[in-house]
Amino acid sequence: MSKLNTIVVCGATGKQGGAVLDALLESGKWNPVAITRDIRSQKATEIKGKGVPLLFADLADKPSLVKAFKGAYAVYGVTMPVNPRGKLDTEYEWKQGQNMVDACVANNIQHLVLSTVLYIEEDQENNLTYIKKKVAIENLVKEKNIPFTFLCPGSFMDDFGGEYLPVKKNIIRGMASNDTKIPHIACRDIGKFAAMAFEEPGKFVGQKLNLIGDFMSGNELAALASKLSNGKTTYKHKPVSIVLMWLFARTFISLRRHFERWGQAPYPDEMLSAIKQTKELRPETLTFAQYLKWKGWDKRL
């Protein structure tokens with residue numbers, strides 16, 4: 001396996017990593033290597049079925065990462081603020097980032113494409129704990145002089161019908177208020193942008209790219225779903241009180257308040273610029289309507 005063509009994909013059994021893996025395979029220019037903590041899982045078996053080498057590695061275990069990155073040209077990285085017990089843990093994410101950076105340095109990785117977080121305001125990392133650690137990881141990458149591209153996605157369209165945006169009996173439930181616009185991107189497009197960055201390092205190394213495929217409110221999403229299904233779909237705000245969030249997930253209080261503010265007119269210039277830049281760089285980036293049709297929701301709603 002040629003070092004010049006080898007890209008290690010972290011989180012390959014997840015939504016983002018899986019999309020990156022598919023995009024690299026589709027390009028036919030790379031030899032992707034997938035890493036996972038559970039090489040016996042169903043998703044791991046599916047990856048092996050595609051002929052992709054699968055290695056055990058844990059982002060929380062630096063020696064395993066150093067070993068997995070050995071001989072690679074580039075790495076796709078993604079970290080998660082959730083510990084093995086399923087609890088929100090930004091310090092655990094910081095540890096993952098440190099280990100990833102150290103493994104890149106140890107193996108002289110020539111390009112790290114790292115998924116971080118949508119960046120709308122200059123001081124947001126000072127106000128949002130959830131974002132602070134992701135920005136700290138970005139800064140560590142820069143300090144270690146690793147050639148990088150930071151992909152900063154909005155919320156995932158792939159959450160439609162899942163835990164965070166459930167759809168039952170023609171009712172979409174979300175945490176944002178009905179008229180708050182939320183920036184969205186399909187994981188498939190994150191994968192496409194990652195592949196693009198790897199293929200054109202001269203253009204993308206050193207870049208930080210906000211990725212937004214569509215900017216829609218719950219009411220607009222319900223209207224879209226209704227149109228696709230020729231039926232009646234509604235959106236209902238699934239409120240979570242600030243008291244409960246303070247008791248169980250206080251990290252998300254500021255994040256929720258920021259989303260509510262960013263999603264109301266006048267919208268932040270950076271949000272509008274990100275939508276424009278995403279489409280200019282890759283016109284094929286899916287709108288929410290295109291995503292729902294691609295996933296067959298017009299037949300399921």
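**Close-up views of the predicted model**

**View 1. Contact of helices α1 and α7.** Lys 15, Gln 16, Ala 19, Val 20, Ala 23, Leu 24, Glu 26 and Ser 27 of α1 meet Cys 187, Arg 188, Ile 190, Gly 191, Lys 192, Ala 194, Ala 195, Phe 198 and Glu 199 of α7, contact meaning heavy atoms within 4.5 Å. By class, nine of the residues in this contact are nonpolar, three polar and five charged (Ala, Val, Leu, Ile, Met, Phe, Trp, Tyr, Cys and Pro count as nonpolar, Asp, Glu, Lys and Arg as charged, and the others, Gly among them, as polar). This is a predicted model, in which local features need pLDDT of at least 70 and side-chain atom pairs count only at pLDDT 80 or more, while totals for chains, interfaces and linings use all residues. Residues are numbered from 1 along each chain as its sequence is written, and side-chain values use heavy atoms, with hydrogens and water left out. Helices (H or I, at least four residues) and strands (E, at least two) are DSSP runs numbered from the N terminus.

**View 2. Crossing geometry of α1 and α7.** The axes of α1 (residues 15-27) and α7 (residues 187-199) come within 7 Å and cross at roughly 50 degrees; axes are lines fitted to C-alpha atoms, for helices over the stretch in contact, and angles run from 0 to 180 degrees between N-to-C directions. Helix α1 is therefore oblique to α7 (under 35 degrees counts as roughly parallel, over 145 as roughly antiparallel, 65 to 115 as roughly perpendicular and the rest as oblique). The crossing is right-handed, the near helix being turned clockwise from the far one by less than a right angle.

**View 3. Salt bridge between Lys 192 and Glu 26.** The closest N and O atoms of this salt bridge are 2.7 Å apart, the term requiring a side-chain nitrogen of Lys or Arg within 4 Å of a carboxyl oxygen of Asp or Glu. Lys 192 in α7 and Glu 26 in α1 are 166 residues apart, so the pair links distant parts of the chain.

**View 4. Packing of α3 and α4.** Helix α3 (residues 62-69) packs on α4 (residues 90-106) at about 40 degrees, with axes 9 Å apart. The two helices are therefore oblique to each other, and their crossing is right-handed.

**View 5. Cis peptide bond at Pro 266.** The bond from Ala 265 to Pro 266 is cis, with omega near 0 degrees. Pro 266 lies in the loop between α11 (251-262) and α12 (269-281).
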